[in-house]
Amino acid sequence: MDNRTRFLKTMRFEAVDHPPLLNSGPWGVTLERWRQEGLPPGVSLDQHFGIEPLGNVPVGIETLLYPPFKERVLEEHGEYVIKINNRGIKERNYRHGNSMPEFLEYPIKTPGDLTWLSERLDPDTPGRVQPDWLAKARKHRENGALVFCNGGMYFAFLNEHAGTETFLCMYFDQPDFVHAVNDRLCRLCERALETALPVFPLDHFGYHEDMAFKNGPLISPDLFREFMTPYYRRIQKIAQAHAIDLHYMDSDGDIRQLIPLWLECGINIFAPLEVAAGMDVVALRKEYGQSVRMIGGFDKRILATDPARVRKELERIRPVIEGGGYIPGCDHGVPPDVSFPNYCAFINGLKGMYGLR
């Protein structure tokens, strides 16, 4: 059984020899630390731990801004630079890039921006569909990778391109603009699915929203149902026609109030499940049973303590792992306060649980 099959069966609560063992993505500076603590140079984490990799690659049809903005550096000041990134956002970041950038200015400011947005969200723009997308998708599948398509970003797109404060005010001041953008985003996803699905069976649909912080969601259920639900349901209509049942939502923070809303729309896999924001996989399984699937959910703060606490936490979540529908991993990228011995305790603990040692 390969890891792609393990992933699909685990997410469907079907029998597997063991769940996929996934390496949580460490930051660049974390890898630098680990090289000093025993990770051999030139050896990947998968190679070091003897883990079968699992690719998760998008089908080659662009469903967001196209063409992207041309990146250009505006200013350089010692250890940091100011630039326009490929999403048109003016940002400041360290030269090494090992941090979240500071966003200084966003490209979407008013409803008048719908003119240029419509051009970059045009489904018929040449180049949006890679000419060799089907051959590449088949090759990825042959190599054991999951192949997915974007199902939409009906909060995150405007949040990331207009800024949170401006965007949230638009719900009340320019609701027609929000719907107009989301409709265009949805049409891009619909077109991509209508192109791909007749000739290539996708493994799942992926969504990215990042619409919650530590204390809960950024919008109310009423706003969700007005401005997001209609577009998710358009995508679900296509999914149901092609018997695609796995829908993967990547959203940080405390999403407990959002999970029922996403379930109403057919979205059933949730990651990264940040424990510091109250996302406890044991509690979620007890509350939702097999209606939710989960990825992540291992507290990065515990990873930064000591091997004994890492092993104790693995035992706490062990019943959820063994019950299916859950693939454990660090609840976001692994930060540099996590030592390599601690991370080894995490991976080797899972390997022992899965009978791989």
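Two exercises with worked solutions follow, both on a predicted model. Local features need pLDDT of at least 70 and side-chain atom pairs count only at pLDDT 80 or more, while totals for chains, interfaces and linings use all residues. Residues are numbered from 1 along each chain as its sequence is written, and side-chain values use heavy atoms, with hydrogens and water left out.

**Exercise 1.** Determine how the axes of helix H8 and helix H10 lie to each other, and which residues meet.

*Solution.* Start with the elements, H8 (residues 175–196) and H10 (residues 229–241), where helices are DSSP runs of H or I with at least four residues, numbered from the N terminus. Next, take the axes, which are lines fitted to C-alpha atoms over the stretch in contact, with angles from 0 to 180 degrees between N-to-C directions; these axes come within 10 Å and cross at roughly 10 degrees. Therefore H8 is roughly parallel to H10, a term for angles under 35 degrees. Finally, look for contact (heavy atoms within 4.5 Å): residues of H8, including His179, Asp183 and Arg187, meet Tyr231, Arg234, Ile235 and Ile238 in H10.

**Exercise 2.** Describe how helix H12 passes helix H14, and which residues of the two helices meet.

*Solution.* First, the axes of H12 (residues 281–288) and H14 (residues 307–322) come within 9 Å and cross at roughly 35 degrees. Second, the crossing is left-handed, meaning that the near helix is turned anticlockwise from the far one by less than a right angle. Third, Val281, Val282 and Arg285 in H12 meet Arg316, Ile317 and Val320 in H14.

Notes:
Parallel < 35°, antiparallel > 145°, perpendicular 65-115°, else oblique.
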